[in-house]
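This report looks at how the parts of a protein assembly meet.

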Amino acid sequence: MKTKIEIRNLNVWFNKRQVIYDVNLKVPEQAITAVIGPSGCGKSTLLRAINRLHDLIPEAKVKGEVLLDGKDIYKEDPLVVRRKIGMVFQKPVPFPSMSIFENVAIGVKLNDLAKKERLEKIVERSLRMAALWEEVKDILESPATSLSVGQQQRLTIARTLALEPEVLLMDEPTSALDPVSMKKIEELIVNLKNDYTIVVVTHDMRQAARISDFTAFMYEGKIIEFNETSELFRNPKEEITEKYITGRIS
Amino acid sequence: MISLRVKKKVQNTFLFLFAFLSTIIAIIPLFSIIFEVIKNGIEAINLDFFIQLPGPLGESIGGIANAIQGTLILVTLASIIGVPIGVITGIYLYEYGKEKKSTLISFSVDLLYDLPSIVVGIFVYITVVSPMRSFSALAGALALAIVMIPIIAKTTEESLTLVPPTISEAGIALGIPKWKNIVFIVLNSAKNGVLNGIVLAVARITGETAPLIMTCLGSNFWFSGMDKPINSLTLLIWRYAMQPYPSAVKKAWGAAFLLLLVALALNLLVKSGGERK
Amino acid sequence: MNEDEVFYLFSLAVASISLLLLALILVVLVQYTLPVIKEMGFDYFITSSWNPVFGKEKYGILPYFLGTVLTSFIAVLVGVPISFGIALFLTEYSNKTLKKYLSIMIDLLAAIPSVIYGLWGFFVFRNFILDYIEKPLHNYFGKISIFSATPTGLDFLSGGLILAIMIIPIVSSVTREVLELVPTEIKEGIYAIGGNRYDVIVYGSIRYSKNGILGAILLGLGRAVGETMAVSMVIGNATGENALPRSLFSAGQTLSSLIANEFNEANPTSLHPNALVGAGLVLLMMAIVVNLGARAIVSKYKR
C-alpha cells in the first residue's frame, strides 16, 4: 500500500516540556489509521502537528519532518497544507453566527477556491458525503447551532470535505456524542476511506478495532507499536501494548 | 443566651434594612427623573415642536427641530468616523494587544477611555475650532468620535475575547488566512457583542453635552454646513434650562423627553438583545 | 509582504490613532497652559482670585480644584454605602427575577444623559435637598461652620449628592461582581461556627473582598471627578474667593463646571482661555491618576 504521510523523527515541546519523542510513522493512503493510547500520551499533539496547528502557539516547538506525498509540510505554505489536510475536532465547532449553508461554504469562500455559482453544488456534495444532506436540505438557511450535536459534528466534517482535502484528521470525533450519532459517524468514516486517507485519534479501543485498518499505539510521547489493526489487537508484540489493550493500564 | 439571640436578630434585621433602603434610595431618583421628564416634557410636545426653529428666546412659539437635526447629523458623522476606528482598534487589541510591543497602545486606549469628555472638547477647540476660526459641526462630530473610539474599542475587544478559542482554531484548521479568520470567523461570531457596544456608544454620545459646548456651540438656525455652528438636543437643554423664560424651560423639558426616550430605548434594546443570545 | 502582515500593519496604524490622540491631547493642553503659568507662576495653582478683565487679569484655580475634590468626596461618602447596600441586596436578598429587574433599573441610572440629571437637579432635586436636608440642618446645626451658610439648594452639597446618584451604577455593579467572587467555603465556614448573615458579610465577604471594593470606590471617584454637566447646573457657579468651599451650603464651582460655564465667553486674546485649559489639564491629571489606581486594583483583583 502506498504511503500518504510519512512522519520522520518528530519531536514536539511545549515550553521546555517534551511531549512527543522521535515519532516515526507511515500512514497508508486510502485507509483508516487509528492512534490509540492513554490520555496524555501525546496522540492529539501528534495529530495537530500534521495540520500545523502548533504554529499558532508560541510556546510550542516542532522538530522533524512530516511528508505529504514525499514533501515536507513544514516547508510549504501552512494555509495550503491545512486545506489538503483537514481536521475534525473532538467537540463539534459550528460557527455560531452562520447558517448551515454558510458553515459548509465558508472555507471555500474565504480561500477563494470557487465561484459563487459553484458554491451550492459544493455544499450539496459535501453534505451528501457527510451523510447530512437528507436531514438539512430544506433548512439550509437555519442557524447551524439549531442542529443536534451529532448533526453538528457531521456538519463540521462536511465543512472540511468542502475544501476537497486529501487527508482527514479526526481528534476523538465521537467522544462528545451519543451512541446513535457515534454509530452514524463511524459508518461515515468507513465510507470516506475510499476517497481519503484518514487518521483517527481515539481513546476507545473498540472503536479503533471496529473501523480502522491500521493502529498505532502511543505511550508517553512515543509510538510503541504500529501494525494492521487486527494483528495489533490479536497479537501485540510489546508487553505494554498488551497491558493497554487488556485494560491493565489506562 | 437570649440577649445573644436578640443581638443576632437585630444585626440581621439591620443588615436587611440597610440593603433594602439603599436599593430604594437608588431607585427613587430613576423614577423621579423619568416621571418629571415625562410630565414636563409631554406638555412641550406638539407638531411645531418637531418641525419649527426655536425662534427668539422667550417666545412661546417654535420648536426644537434644528436641535433634532443637529443631533442626528453630529451622531451620524461621529459614528462614521468613530465606529470603524473603534472596531479595528478593538481587533488589534484582541489579536496583538497581549504582546509587549503593543502595551503602549492598549494603555492609551485605557487612558482615552478615562478622559473627562470636556477635556476632549478643549482639545478639539484648540486643534480644530481655533485654526478654522469658527465653531463647527465638524469639530463637534470629531469630539464625539474621540469619545466614542475607546468605548467601542474596549467592547469589541471584550466581545472577541469571549469567542471560544476552538472557533478560531476551527477556522485556522480550514486553511483560512489569519486575518480573514479574525474578521469573517471570530468577529462574525462576536457580532452581537460588537453591535451592542456600538449601540451603547451611540447612546452615550447622543447624550454628550460637555465636549459640544466649545466645539459646535449651538445655534438657532438650521444646519448650514459642516464648517458652521450647529445645535444639538443636549446643548439646547443646557442653555434653555437656566433661562428665566418659561417657554424656553418648557422646550428644554421637551428636548429632555426626546433625549431620554432615545437613551433608554437604546439601552433597553441592548439589554433585551443580550438575553436572546 | 503577505496579506496577514498587511492586515497587521493596517490595524496597527488604526490603533495608533488612540496613542497619537492621547499624546496630542497632553502636548496641546500643556502648551496652551504654559502662558498662564508663566504669567501667574505657581500662584495659578494655589491662589483663589479669578479676574478675566483685561489689564487686571488674575487666575488661581485652587477653589475649583477644592470644589472638585469636595463634590467627589461627598459623592463617594454617600454613593458608596448606598452602592454597597444595593450590591448586598442583589447578592443576598434577591431571587433571580428580582435581581434581573433591579439590576436593569440600576444600570438605567447610568443610561440617563448627564444634562438630564442637571435639568432634574436644577428643578426638582435641588428643592428636595433644600427643604428636607439643608434647611433642617441649617436650623438645628447652623452654628457649625459647614452648615452655616444660608441654604439655596444650589451649592456643594447638591453637586456632591447628584454625583452620588450618578456613581451608583458603576460602584454597585463592580461591588456586586466582587461580592460574587467570595468563595462559598468562606461563607459556609462562618455559618458553621454559628455566625449569622451579618457575621458572614462583616467578617467574611467584606474582609475577603476589601481590595475589590476599594477598586470600585476609585472607579466611582473617577467618574465623579470627570463629570461636568449635572454639577454645573446645581453647584451655583461661584468664582474667585467666593468659590472656596467654606460651607456645604455655599455656592461653588468645580474644574469642569468652570470650563463649561466660561469657555465660550473667554476672550481669545486674553489669558482667560489658557487659564481654563489649565483647569482642564489639572482635571485630566486627576482623572488619570484615580482611574489608573482603580484599574490596577480591579484588574489585579479579578486575576
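## Chain contacts

The model is predicted. Chain A and chain C are not in contact. The closest C-alpha atoms of chain A and chain C are 11 Å apart.

The size of an interface is often given as the accessible area lost when the parts come together.

| Parts | Buried area | Share from carbon and sulfur atoms |
|---|---|---|
| chain C and chain B | about 7200 Å² | 80% |
| chain B and chain A | about 1700 Å² | 70% |
| domain 1 of chain B and domain 2 of chain B | about 710 Å² | 88% |

### Chains C and B

Chain C brings 77 residues to its contact with chain B, and chain B brings 82 residues. Together they bury about 7200 Å². Carbon and sulfur atoms give 80% of that area.

A salt bridge joins Asp107(C) to Lys271(B). In that pair, the closest N and O atoms are 3.8 Å apart. The interface of chain C and chain B also has 13 residue pairs in polar contact, with both residues at pLDDT 80 or more.

### Chains B and A

Here 17 residues of chain B touch 23 residues of chain A. The buried area is about 1700 Å², with 70% from carbon and sulfur atoms. Which residues of chain B lose the most area to chain A? They are Glu169(B), Ala173(B) and Leu174(B), which together make up 34% of what the chain B side buries.

Glu169(B) forms a salt bridge with Arg48(A), and the closest N and O atoms are 2.3 Å apart. In total, 2 salt bridges cross the interface of chain B and chain A. There are also 5 residue pairs in polar contact between chain B and chain A, both residues being at pLDDT 80 or more.

## Domains of chain B

Chain B is assigned two domains: domain 1 (2–44) and domain 2 (50–276). Taken over C-alpha atoms, the centres of domain 1 and domain 2 of chain B are 33 Å apart. Their contact involves 9 residues from domain 1 and 7 residues from domain 2.

Domain 1 and domain 2 of chain B bury about 710 Å² between them. Carbon and sulfur atoms supply 88% of this. On the domain 1 side, Val37(B), Asn40(B) and Ala44(B) account for 51% of the area buried against domain 2, more than any other three residues.

How many salt bridges are there between domain 1 and domain 2 of chain B? The count is 0. The side of domain 1 that touches domain 2 has 5 nonpolar, 2 polar and 2 charged residues.

## Cysteines

A disulfide is a covalent bond between the sulfur atoms of two cysteines. Over all chains, the disulfide count is 0.

Are Cys41(A) and Cys216(B) buried or exposed? Buried means under 20% relative accessible area. Cys41(A) has a relative accessible area of 3%, so Cys41(A) is buried. Cys216(B) counts as buried because its relative accessibility is 0%.

Technical notes. Residues numbered from 1 in each chain as written. Chains lettered and ligands numbered in written order. Predicted model: local features only at pLDDT ≥ 70, side-chain atom pairs only at ≥ 80, totals over all residues. Heavy atoms only, no water. Domains from an automatic or database assignment. Contact = heavy atoms within 4.5 Å. Buried area = accessible area lost by both parts, 1.4 Å probe. Salt bridge = Lys/Arg side-chain N within 4 Å of Asp/Glu carboxyl O. Nonpolar A, V, L, I, M, F, W, Y, C, P; charged D, E, K, R; others polar. Disulfide = S-S within 2.5 Å. Buried < 20%, exposed > 50% of the residue type's maximum accessible area, 1.4 Å probe, protein only. Polar contact = N/O pair within 3.5 Å; in protein donor to acceptor, adjacent residues only side chain to side chain.
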